[in-house]
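Reader: I am new to this structure and would like to understand the words used for it. Could you take me through them with care?

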Amino acid sequence: MFEKILIANRGDVALRIHRACREMGIKTVAVHSTADAGAMHVRLADESVCIGPPPARDSYLNIPAILSAATITGADAIHPGVGFLSENADFAEIIAEHGLTFIGPKPEHIRLMGDKIAARRTAAELGLPCVPGSEAEVTSLDEAAAVADGIGYPVLIKAAAGGGGRGMKIARGPENLAEAVTMARTEAQAAFGSGAVYIERYLSGPRHIELQMIGDSHGTVVHLGERDCSLQRRHQKVLEETPSPALNDHERTRIGERAVAAMRACGYESLGTIEFLYENGEFYFIEMNTRLQVEHPITEMVTGIDLVCEQIRVASGNRLGFTQDQLTFSGHSIECRINAEDPHRFTPSPGLVTAYHAPGGLGVRVDSALYAGYEVPAQYDSLVAKLVVHGSNRNECLLRLRRALDEFVIENIATTVPLHQKLTQAPGFINGEYDIHWLEHVFLGSDG
């Protein structure tokens, strides 16, 4: 087992990893920018190293600075957390070249799944169903038109190196295909440094269903159930729940078995999440995230398994502590992403937190690095807390969530707590009758 882990991240996820390490008897090193000098994980870690000024490119994306911090503190492993360098295959390879362990998948799996076209092709070869579309990059408008005519409009143009909704445009008919392709390429080039795009059929009302996977270096792969991530704004997740209100046990078993077989066939190790669109009883692979997910706590709540601890054990060469047959799923869990944003205009709201009170009680968990007196920086993602609630069934979970939201106090900055309070009262959500477009087009009453 590792003796000391450097946490190459910030915010609630860095604190989450620190806590897992502490419970395993592992020392931690926090790296931070000058903007995060007073962050909670920096205060609690055994050691801390400042790696640069506030811009992420000069700190949390600064590979030489992170490696130097690992060297001078004697860390033997690096956990990349979520975002930043967590899906950077070059970073994983460089860590190994320096005699350290990258707590995550093999570099080849990160690289493969980071290319959306290659990931689609591989998923199909592994027996996972894919959305009908192009099998390779679309390099001309004539080729785009041929693909779109073949699968039928509307179509979705997507960045091959993309994620988070960037480089993604809809063409509802031949008349706006050229504009959509051009815009997607331009946006993809600006966001990812690559203008490569491909085309998929646009599904009118799907759910976004993802499966939590984990594998070890001894050939064991299991899935830990699904998460419904359909409540999204501009392709960014707002609220997640498990199990999905849209699936039955037969469908869960069917897609779970196929996902496990696929990951076992490619020798996948560590945590990973396979994401699908689900419509009319059919699943369609869209991508795989080769890292810890923001929404992992709801899976932990219904399985009782600490995913971060398991990820660390697997990275150290140990076997998984359980098999598929030993897994049990209990009750229902919902996570609300609390952002430092105006709940109506969704504009960022950084600043000083003058008062902070987290809700508590049975079945309530808050993952946050906030405290009274903390200054929320303007340079990073606006996520400041995750409210996670568990109940014996969905109705109990929902009632507990409403109560917890009413208890949450974060003063002097605007947050999305009021949005979630309103959302949990909406009939569409209460009845589980929503898809990936519902939050924007119905609940918020706009096209986003």
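Author: What follows is a short exchange about helix packing and salt bridges. This is a predicted model, in which local features need pLDDT of at least 70 and side-chain atom pairs count only at pLDDT 80 or more, while totals for chains, interfaces and linings use all residues. Residues are numbered from 1 along each chain as its sequence is written, and side-chain values use heavy atoms, with hydrogens and water left out.

Reader: Why is H1 called roughly perpendicular to H11?

Author: The axes of helix H1 (residues 11-23) and helix H11 (residues 307-315) cross at roughly 65° and come within 9 Å. Angles of 65 to 115 degrees count as roughly perpendicular, so H1 is described as roughly perpendicular to H11.

Reader: What makes the pair Lys4 and Glu47 a salt bridge?

Author: A salt bridge needs a side-chain nitrogen of Lys or Arg within 4 Å of a carboxyl oxygen of Asp or Glu. The closest N and O atoms of Lys4 and Glu47 are 2.5 Å apart, so the pair is a salt bridge. Lys4 lies in strand S1 (residues 4-7) and Glu47 in strand S3 (residues 47-52), so the pair ties together parts that are 43 residues apart in sequence.

Reader: How do you know whether Lys4 is buried or exposed?

Author: Buried means under 20% relative accessible area, exposed means over 50%, and partly exposed lies in between (1.4 Å probe, protein chains only). Lys4 has a relative accessible area of 14% and is therefore buried, whereas Glu47, with 29%, is partly exposed.

Note on methods. Axes fitted to C-alpha atoms, helices over the stretch in contact; angles between N-to-C directions. Helix = DSSP H or I, 4+ residues; strand = E, 2+ residues; numbered from the N terminus. Parallel < 35°, antiparallel > 145°, perpendicular 65-115°, else oblique.
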